[in-house]
Amino acid sequence: MLLHEYQAKEVFKSFDIPTTKGKTATTPEGAGLIASELAKPVVIKAQVHAGGRGKAGGIRLAATPAEAEEAAIAILGMDIKGITVHKVLVTEAVDVAHEYYLSMLLNREHRAITVVASREGGVDIEETAQKHPEAIFRLDCNGVLGMLDCQAKRIAYALSPKPPIAGKIAAIVKKMYAMMKRADCSLIEINPLALTKQDDIVALDAKVILDDNGLERHPQLKEFRDVYEENPEELLARWKGLSFVKLDGDVGCIVNGAGLAMATMDLIKHYGGRPANFLDVGGSSNPRKMVDAFSVLLRDQEIRAILVNIFGGITRCDDVANGLVAALERVPLNVPLVVRLAGTNADEGKRILEARGISAWSDMDDAVHAVIKAASGVGQ
Ligand code: GDP
Ligand code: MN
């Protein structure tokens with residue numbers, strides 16, 4: 001789950017990572033009020049799940065509350081990379097002397113938390129990484145040993161040779177590491193990490209991704225989910241407790257078992273089709289699950305046909321067939337449906353479906369061929 005900057009900064013505060021004071025507003029008047037409360041020059045920042053807001057015009061400096069209102073008028077309603085801005089963060093402006101880059105990410109390949117840092121942070125970091133890869137410092141942190149003092153210092157000195165400044169950065173590195181672990185983050189990126197003219201170090205921007213699988217442990221962080229910026233199918237699936245991933249194809253898949261669901265997507269690809277999703281309905285034959293699965297898929301306007309692929313082990317195909325029939329009575333399908341049943345009580349399951357005019361395949365290859373054909377509109 002990706003956090004907004006203002007949310008990420010709240011988490012920073014709880015881990016004592018220095019950042020700027022501020023509040024969010026959804027109206028220009030609100031932005032003006034916050035600016036007068038802060039009684040300082042402020043920065044008005046678009047709160048959308050997109051990077052490069054500065055370059056898109058979504059970040060403006062304002063010296064007075066009146067200017068803050070003007071800036072909010074310009075930013076609210078603006079489109080940044082296809083997302084409309086509904087909220088701005090009004091935060092105290094900082095006199096920036098230099099901009100560093102500092103991030104930590106969960107690196108599964110290295111089985112480590114990898115720190116990436118650069119003396120040359122700011123809005124052109126991608127370009128720096130491409131043109132001057134030597135300007136990017138990387139260090140892997142072993143999950144068992146944790147962030148060692150000497151490592152935090154190495155990172156800090158890679159950013160600044162001055163001991164008082166490096167000391168402040170090292171302290172931030174340790175706090176970031178604690179946040180990575182304790183809040184179950186998969187990414188924390190601070191760009192820029194600013195050196196102020198007063199020689200303080202402050203996180204001016206914050207991008208944080210939380211591991212969805214850790215969210216149960218953090219009820220207060222769970223509340224940060226912004227439903228307006230989520231894919232509607234994934235959102236419904238999460239609320240319904242289904243294991244679902246949206247893809248960009250046109251063949252909807254409802255499968256029992258994660259392994260079979262993966263194999264189904266592979267086979268669709270193999271025969272030239274494009275899976276629209278991963279969806280594991282699990283072992284249950286409860287019609288409710290099928291209704292939920294169909295309603296999630298039917299939200300996706302791209303889907304041209306749906307494949308229900310069931311392998312009966314402990315789950316019995318006749319149970320699944322009854323569930324499917326019950327679900328189809330409740331959800332009117334407007335796309336072709338292809339069913340494959342194999343395993344325990346498959347014949348009984350097929351008879352139940354046939355009584356409702358649905359013929360089911362036994363062979364997975366046949367079913368996949370049929371659904372790809374149906375999705376492409378051939379034979380209709
Ligand atoms: P991004 O473009 O979405 O990454 O947004 P950032 O929050 O990183 O802001 C972009 C740029 O705006 C930063 O690199 C800074 O140069 C500038 N900026 C943001 N906040 C402040 C601030 O408080 N003071 C000053 N002087 N510049 C700021
Ligand atoms: Mn930034």
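**Entry 1: ligand 1 and its contacts**

I opened this predicted model at Arg53, where a polar side-chain atom lies 2.7 Å from an oxygen atom of ligand 1. Next I checked Lys45: an N or O atom in its side chain is 2.6 Å from an oxygen atom of ligand 1. Then I turned to Glu99, and found a side-chain N or O atom 2.5 Å from an oxygen atom of the ligand.

**Entry 2: the shell**

How many residues surround ligand 1? I noted 16, and the closest are Lys45, Arg53, Gly54, Val94 and Glu99. By type, I have eight nonpolar residues, three polar and five charged in this shell. I then asked which strands contribute: β2 (42-46), β7 (96-107) and β10 (185-196) each supply at least two residues of the shell. For the site as a whole, I wrote down that ligand 1 sits in the largest pocket.

**Entry 3: Asp300**

I moved on to Asp300, which I found in the loop between α10 (287-298) and β16 (305-312). Is Asp300 buried or exposed? I put it down as buried, because its relative accessibility is 7% and the cut-off for buried is under 20%. I looked for a partner for its side chain and found Lys246: the two side chains make a polar contact at 2.9 Å.

Technical notes. Residues numbered from 1 in each chain as written. Chains lettered and ligands numbered in written order. Predicted model: local features only at pLDDT ≥ 70, side-chain atom pairs only at ≥ 80, totals over all residues. Heavy atoms only, no water. Near = heavy atom within 4 Å. Polar contact = N/O pair within 3.5 Å; in protein donor to acceptor, adjacent residues only side chain to side chain. 1 Å grid on protein atoms, 1.4 Å probe; cavity = no way out; pocket = protein on both sides within 12 Å on 5 of 7 lines; lining within 4 Å. Sits in = over half its atoms within 2 Å of the grid points. Helix = DSSP H or I, 4+ residues; strand = E, 2+ residues; numbered from the N terminus. Nonpolar A, V, L, I, M, F, W, Y, C, P; charged D, E, K, R; others polar. Buried < 20%, exposed > 50% of the residue type's maximum accessible area, 1.4 Å probe, protein only.
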